[in-house]
There are 2 protein chains.
Amino acid sequence: MKVKNMSIELIPTYWCNLLADFPDLYQSTLIDPSIRLSLPAATKKVFPKLPLNLLKQSHNVTDANIFIPEPIRKMYATYRPTPFRRAMLLEKALETRTHIYYKFEGSNISGSHKLNSAIAQAYYYKLAGVKHLITGTGAGQWGTAIAYACQLFGLECTVFMVDVSLRQKPQRKKMMELFGATVHESPSTITELGLKTLSEKNSQSSLAIATGEAIELTNKIDGAQFAVGSGENNVLLHQTIIGNEVLNQMESLNIFPDKVYACVGAGSNFGGIAFPLLRHAQLHNKHCEFIAVEPVACPKLTKGIYAIDLNDFSGASPYSKMYTLGSQFIVPAIHAGGLRYHGTSAFLSALYANHYIKACAISQEKSLAAGLLFAKHEGILPAPESAYAIAAAIDDIEKNSLRDGNIIINISGHGLFDIAAYEQYQENKLPPDAIANEVLRHNINILKNNSFNHIT
Amino acid sequence: MKVKNMSIELIPTYWCNLLADFPDLYQSTLIDPSIRLSLPAATKKVFPKLPLNLLKQSHNVTDANIFIPEPIRKMYATYRPTPFRRAMLLEKALETRTHIYYKFEGSNISGSHKLNSAIAQAYYYKLAGVKHLITGTGAGQWGTAIAYACQLFGLECTVFMVDVSLRQKPQRKKMMELFGATVHESPSTITELGLKTLSEKNSQSSLAIATGEAIELTNKIDGAQFAVGSGENNVLLHQTIIGNEVLNQMESLNIFPDKVYACVGAGSNFGGIAFPLLRHAQLHNKHCEFIAVEPVACPKLTKGIYAIDLNDFSGASPYSKMYTLGSQFIVPAIHAGGLRYHGTSAFLSALYANHYIKACAISQEKSLAAGLLFAKHEGILPAPESAYAIAAAIDDIEKNSLRDGNIIINISGHGLFDIAAYEQYQENKLPPDAIANEVLRHNINILKNNSFNHIT
């Protein structure tokens, strides 16, 4: 019995650049210059620009595959290939003939797929002469990933972490500090946005404010750059290591999935697994559905509109054309902090608008039930975010719509710091999914009435 | 590029039963019947007996390999094979030519190697008609493992968890409860031992008391059994899945280690990796050193004596012939709760007494420094226990005693719930290793003066 499981040789040599497969879709994500000029905040904003190497990756429609530099592959080799397994015990529990495969991205030190892009970004920023990366983080996975990646490449790192999350998961802050990062509780007293927020009555903290603080600080420090964990085309590109690996892992089993499930925040773990498999399906005329799973509490794909909108609440980030619930929509508090984002990656939105991918919304209760069921049978406690993808798959199986097929669930991270969420579910103490339809309608109406959105 | 990493085919079919290789050593671990009768508490104790299937495994000197039943291999396949990797980034940081390999046992839901035996035990107890497993746990890894394994096989589970650890790591208790276990804070009010302990002035909680409570409760419940997480021959046998897997993983690389490092509490993760490799070295006339790494705070192998002693403080468990610091020795509070045990597995002790394995003691500060260094370069935060093994290896490398060799470090678990320990190290707030030599001498003298110990 020969086992090969430790070598840089097992790491794919390329990322899958799906922009090259769909240049027209890519084109459709760009905001028309005439519209861009009419955007309200266009002149006021100073948004830190990507260095050329990352900027190129975000707009490359020529190269179908992007070479992964050796230093990045070496770092990948410390935790990849990640497990790809058949969930036979879960199948048995569900009494299904469907073969359930899963990919698990939570076995690295950051606890989620975020490290795949953090390593790549730290490498490219370092090459571009950047000395210091600054970012905002919600639940802390992205913060942990970038803190870890920065110490690998000798970059300084500053993270603004949403105060509520920081108190819920102090371990994440401490871990970032173990890797030498400076972590500020957001709202902080070191930025104008932080001070302004703190001075307001009933002020609410949010990832948007943490991000705004990070951008403000970045603009004040020479050699600093602002790093984003999802949404950008280059981030989705780095995450395609997941899908490329799955293609290799499936090859030896001689299978191809009928459906692929992944949760969607801004879209990086979904794009990471879906893009390489979507290309493969297109090239080989295979049928496969890609299901983007979102929370009922944040249904941008299933209930949002395709419009030009701000990427964050405070308006510190640029506009994108995307599926959105409105940048002013306050997403209800759910345990899956990584899915509490009003919009979706522009390119992913274009794919969805053109029916290359599907979407569904799942309740928090259903997702945590599925996550716990998965843990009991397969021995992995999924992150609350990833549990949404599992729930959607189980839902389909229970509706008996899959039968003898193969499915893949992408499990983006572990839930070891989210045990309280599962406990709340088990004790029947979860609040119902509070999606206020009037608020949603109101926010979408604002977008519809924007002169730059030509929506009928 | 073909990748095989998901199949029961990759799980070894046998455990390595080293008793069959060393029948005389096994024989030497048995306490002479005449001495046994003279043991002080021999008549008072009611220690729950192992069912026949597990008892046989603990005393089998005939079968070199023990077949792993299919249901156990299926469960193993949900998280095995575990990673076996070369720590190239750590090598670079240490500027060494030594090739450092590591085996990582922390990627399962229990967070440590303990699950390897918990699954096997739950299976065998179930077969033997047991309905309910009861145990004591310190830091919680064993408790989590047995709770998880019990729900897999439909057994009831009760865990007594040391109160101090429970407050330090409430997540572990909650996780056990997610898997349906009943968890009592020890000392509890539901056993006589617990009540007695609580009524004493300045009473101290300990694993010994938690274990005593578990044994007491076991004796009161029909169909219940007491499960142990380490020390027993059958537990060490189950853990040899680790070393058998390493043999497979090394074969494809065509290497054999010059040294193997693992930490030692009672000895199950050490035995798990060492036994199959020791057999291989003996059979093929290869030279390999096996280093059992213990804390300076609990130096049973390097400073204890080889004697007949109780397995726990309260005297609820049987006597063993082993390396020990004395069952009344209170191990100083160190973060590596799993290594705070005064004795060592009887069979491991016999191997040590006969120079088949070596030992060294490492300070807590050195171990956490090594654990953090490993995390920074290799992306795995080791359990404080496992960090001792890493520190011993780095120590040898820095003394330049290894040069071009290959070494393997067994990393028994992850440290995601032990971030506070690393933080304390980083902030220079660790207390010094407080080993009171007079206390140690006093305890060892008690053993020496015992009439049943013929020590000169």
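**Salt bridges in the model**

Modeller: B:Arg80 counts as buried, its relative accessibility being 1%; buried means under 20% relative accessible area, exposed over 50%, and partly exposed in between (1.4 Å probe, protein chains only). The model is predicted, so local features need pLDDT of at least 70 and side-chain atom pairs count only at pLDDT 80 or more, whereas totals for chains, interfaces and linings use all residues. Residues are numbered from 1 along each chain as its sequence is written, chains are lettered from A and ligands numbered from 1 in the order in which they are written, and side-chain values use heavy atoms, with hydrogens and water left out.

The partner of B:Arg80 in a salt bridge is B:Glu105, with the closest N and O atoms 2.8 Å apart. A salt bridge is a side-chain nitrogen of Lys or Arg within 4 Å of a carboxyl oxygen of Asp or Glu. B:Glu105 is also buried, at 0% relative accessible area.

In chain A, a salt bridge of 2.6 Å, N to O, joins the side chains of A:Glu245 and A:Lys103. This pair links distant parts of the chain, 142 residues apart: A:Glu245 is in helix 13 (residues 241-251) and A:Lys103 in strand 4 (residues 99-104). Helices (H or I, at least four residues) and strands (E, at least two) are DSSP runs, numbered from the N terminus. A:Glu245 is buried at 1% relative accessible area, and A:Lys103 is buried at 0%. Salt bridges with shared partners join A:Arg80, A:Lys103, A:Glu105 and A:Glu245 into one network.

A:Glu185 and A:Arg167 form another salt bridge, at 3.2 Å between the closest N and O atoms. Here A:Glu185 is partly exposed at 37% relative accessibility, and A:Arg167 is exposed at 54% relative accessible area.
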